[in-house]
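Here is a briefing on one protein model. Please look at the sequence and the structure, then read the points below.

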Amino acid sequence: MAEAAFAKTFLTTIDSRPLKLSPDHVEDARKFPARQPYILPRMPKPMSKPINLAPGQERSITVAVKSLRNPPLDIKLTSQPLNTSILDIKSSVSTQARIPTDKIKILLNKRPVPDSKVLKDVIGDTDSSIEFSVMVLGGAASVLPEEVAQPPAPAEPAGAAAVETDAFWSDLTGFLSQRLKDQQEAESLSKLFKGSWEASR
């Protein structure tokens with residue numbers, strides 16, 4: 001019944017008004033329902049003022065790359081310019097961790113970051129550091145074995161000391177045999193040279 005009474009009252013109110021508004025009709029603003037003013041909420045982070053840096057004084061970023069899975073990684077790259085690409089960071093991680101670049105995925109907030117991005121695209125205007133997560137495809141099996149340093153080869157004797165070795169006279173015999181095409185003649189000349197050298201000492 002209340003709905004029917006409201007409908008009748010509403011229709012009666014409408015019927016009392018003209019069907020068309022005059023061209024110069026102006027609604028009285030005092031009859032508008034009161035509204036509370038809308039206030040914009042505060043920003044969670046105040047806007048930073050632009051900083052004018054001199055050439056060569058560009059802001060540098062400290063990049064931390066961590067992996068909680070196997071293999072565990074905790075690499076810190078300091079003084080990285082804003083134009084450093086994600087591919088450059090992957091190359092640095094690859095060099096330090098001995099992991100191929102194509103096996104490394106850089107993540108930010110659990111989302112992969114394309115290699116074409118630079119630090120300027122993923123960091124705030126006032127941040128001085130950023131932390132990436134890294135996912136290694138294939139796990140610890142992707143880590144290349146550490147290269148074992150080979151001991152330096154012993155230095156071969158030179159000058160007069162080389163003539164005193166049997167290897168010198170063996171090489172001389174082989175050289176003469178190759179040029180003369182005669183093994184006996186080569187050995188004979190080699191003995192002659194060796195005898196003359198020993199006699200002159």
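## Overall fold

Among contacts in the protein between residues at least 6 apart in sequence, 58% join residues at least 24 apart. The model is predicted. The secondary structure comes to six helices and five strands. Along the sequence, these follow the pattern α-β-β-α-β-β-α-β-α-α-α. Of the 201 residues in the protein, 21% are buried.

**The sheet**

- Five strands make an open sheet with mixed pairing.
- The strand order is β2-β1-β5-β3-β4.
- β2 (73-81) and β4 stand at the edges.
- Each edge strand has a single partner, so one side of each is left without a neighbour in the sheet.
- Strands of a sheet pair through backbone hydrogen bonds, either parallel or antiparallel.

**β1 and β2**

- β1 and β2 pair in the antiparallel sense, over seven bridges.
- A hairpin of five residues connects β1 to β2.
- V63 has its bridge partner in β2, and that partner is L77.
- S79 also belongs to strand β2.
- The phi of S79 is positive, about 55 degrees, although S79 is not a glycine.
- Most residues other than glycine have a negative phi, and most peptide bonds are trans.
- S79 has a relative accessible area of 56%, so it is exposed.

**β3 and its two partners**

- Is β3 largely enclosed or largely open? Four of its five residues are buried, so β3 is largely enclosed by the rest of the structure.
- On one pairing, β3 and β5 are antiparallel, with four bridges.
- I104 has V136 in β5 as its bridge partner.
- K105 has M135 in β5 as its bridge partner.
- On the other pairing, two bridges join β3 to strand β4 (residues 111-112), and these two strands run antiparallel.
- L107 stands opposite P112 in β4.

**The turn between β3 and β4**

- The hairpin of β3 and β4 has two residues between the strands.
- N109 takes a positive phi in this hairpin, near 55 degrees.
- K110 lies in the loop between β3 and β4.
- K110 has a positive phi as well, near 65 degrees, and is a residue other than glycine.
- The relative accessibility of K110 is 80%, so K110 counts as exposed.

**Helix α2 on the sheet**

- α2 lies across β1, β2, β3 and β5.
- The helix runs at about 135 degrees to β2.
- S91 is found in α2, which covers residues 86-97.
- S91 has a relative accessible area of 32%, so it is partly exposed.
- S91 and D102 are 11 residues apart in sequence.
- From C-alpha to C-alpha, S91 and D102 are 9.7 Å apart in space.

**Helix α5 and T173**

- T173 is found in helix α5, which covers residues 166-180.
- Is T173 buried or exposed? At 15% relative accessibility, T173 counts as buried, because the cut-off for buried is under 20%.
- Which residues does T173 contact, leaving aside its neighbours within four places in sequence? They are Q183, A186, E187 and S190.

**The largest pocket**

- Rolling a probe the size of a water molecule over the atoms shows where empty space is left.
- The largest pocket holds about 430 Å³ of space.
- The pocket is lined by 17 residues.
- The residues closest to its centre are L68, R69, L107, S133 and V134.
- Which elements give two or more residues to the lining of the largest pocket? They are β1 (60-67), β3 (104-108) and β5 (129-136).
- β5 supplies the largest share of this lining, with six residues.
- By class, the lining has eight nonpolar, five polar and four charged residues.

Terms used: Residues are numbered from 1 along each chain as its sequence is written. This is a predicted model: local features need pLDDT of at least 70, side-chain atom pairs count only at pLDDT 80 or more; totals for chains, interfaces and linings use all residues. Side-chain values use heavy atoms; hydrogens and water are left out. Buried means under 20% relative accessible area, exposed over 50%, partly exposed in between (1.4 Å probe, protein chains only). Contact means heavy atoms within 4.5 Å. On a 1 Å grid over the protein atoms alone, a cavity is a set of points where a 1.4 Å probe fits but cannot get out, and a pocket is an open set with protein on both sides within 12 Å along at least five of seven lines; lining residues have an atom within 4 Å of a point. Grid points are joined across faces, edges and corners, and a volume is the space filled by probe spheres set on the points. Ala, Val, Leu, Ile, Met, Phe, Trp, Tyr, Cys and Pro count as nonpolar, Asp, Glu, Lys and Arg as charged, and the others, Gly among them, as polar. Two strands pair if DSSP finds at least two bridges between them. Axes are lines fitted to C-alpha atoms, for helices over the stretch in contact, and angles run from 0 to 180 degrees between N-to-C directions.
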